[in-house]
Amino acid sequence: MNVICPESVESDAVFSKEEALESRPYGTSETSPLMAIRQPAPWLDDALLQICRLSTLSSNWDSYGANAPNLNSLVSAQQFLVTISQIVGVPKPSVTLSPDGNAAMSWEWDDDSQNLDVEIRSDGEIRYAFFNDETDLDGTTRVPGDIATILTSWSSY
Amino acid sequence: MQDPEPIGDDEIILRRIPPAKMDMESTAKRSDGGLRAASWRLATEAGEKGLSCSRLCQTSPRQLLDQLTLQDSNPDGWFVCRMYVRDVRAMKLEVIHCPTEIDSGHCEIRNEDGSDYPNAKKGRLAKKTRILTDHEVATVKAGVLVD
């Protein structure tokens with residue numbers, strides 16, 4: 001499976017979004033049964049494109065020795081984005097790379113009160129770190145719904 | 001290698017931030033105006049002991065960016081963020097001076113207990129940073145304080 005890239009981006013991987021939507025290896029069954037599901041959010045296309053463009057970076061892209069993008073991580077990240085974009089209430093993340101070369105994302109609440117960072121490893125494992133004035137959470141999961149729960153339940157933290 | 005020397009609480013340390021033209025989020029808005037580093041720009045690879053920075057008392061923002069040319073990189077578009085050492089220490093982190101051949105002011109932010117750099121703290125640390133303006137990068141000399 002390859003990174004989804006439009007033909008306008010120079011990459012060895014060209015893959016259709018429709019195929020990605022159909023593949024969904026995380027599966028909507030791995031979202032909470034209480035979450036409302038919808039068609040992918042309008043921000044999905046832009047987020048997938050950002051992931052694709054990250055695939056063109058080379059090692060040391062941060063000038064401090066960062067690893068080159070891990071394509072398996074980028075593929076997993078695109079699949080993760082497809083899944084969570086279909087959950088009502090999940091906003092678009094900021095998309096970037098971690099120094100390990102894994103796809104990474106951040107969500108920051110508008111009032112700067114809370115922050116969620118997520119890293120998608122090559123095997124699909126999701127590492128996350130969340131904090132606000134009262135709470136610090138960090139851990140790993142393979143269920144995108146766990147991330148969506150944090151994003152849609154901020155008022156409970 | 002020169003032995004590490006203590007760094008004062010009032011010192012400022014700097015870190016390079018990649019340009020936004022790489023299609024990744026490198027900066028975020030500060031709650032009080034201006035920009036700060038995005039949280040992932042203060043992360044290390046898994047298992048690394050320290051986050052590389054530079055002491056403003058020895059390395060100016062312009063010098064920090066000019067080091068990119070030694071890596072065959074173009075400094076255009078790169079940012080420099082600043083942090084106060086006291087804010088780093090308030091998070092139970094430490095700043096250790098460890099000069100390199102190309103940067104006499106090089107230092108690392110490390111975990112207070114000597115364990116691997118805690119990437120889980122990068123978000124809180126990022127909120128303590130400020131991206132220097134183009135004017136500051138061009139004019140601030142090593143050893144001069146900035147807000």
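Analyst: Between chain A and chain B the count is 4 salt bridges (a side-chain nitrogen of Lys or Arg within 4 Å of a carboxyl oxygen of Asp or Glu). K122(B) forms a salt bridge with D117(A); their closest N and O atoms are 3.5 Å apart. This is a predicted model: local features need pLDDT of at least 70, side-chain atom pairs count only at pLDDT 80 or more, and totals for chains, interfaces and linings use all residues. Residues are numbered from 1 along each chain as its sequence is written, chains are lettered from A and ligands numbered from 1 in the order in which they are written, and side-chain values use heavy atoms, with hydrogens and water left out.

Contact (heavy atoms within 4.5 Å) joins 34 residues of chain A to 27 residues of chain B. The buried area is about 2500 Å², and carbon and sulfur atoms give 48% of that. Buried area is the accessible area (1.4 Å probe) that two parts lose on being put together, summed over both.

Now the packing inside chain A. Helix α2 (residues 44–54) and helix α3 (residues 71–84) of chain A pack at about 175°, with axes 10 Å apart. Helices are DSSP runs of H or I, at least four residues, and strands are runs of E, at least two, numbered from the N terminus. Axes are lines fitted to C-alpha atoms over the stretch in contact, and angles run from 0 to 180 degrees between N-to-C directions. α2(A) and α3(A) are therefore roughly antiparallel (angles over 145 degrees). From α2(A), the contact includes L44(A), A47(A) and L48(A); from α3(A), it includes L74(A), A77(A) and Q78(A).

Terms used
Angles under 35 degrees count as roughly parallel, over 145 as roughly antiparallel, 65 to 115 as roughly perpendicular and the rest as oblique.
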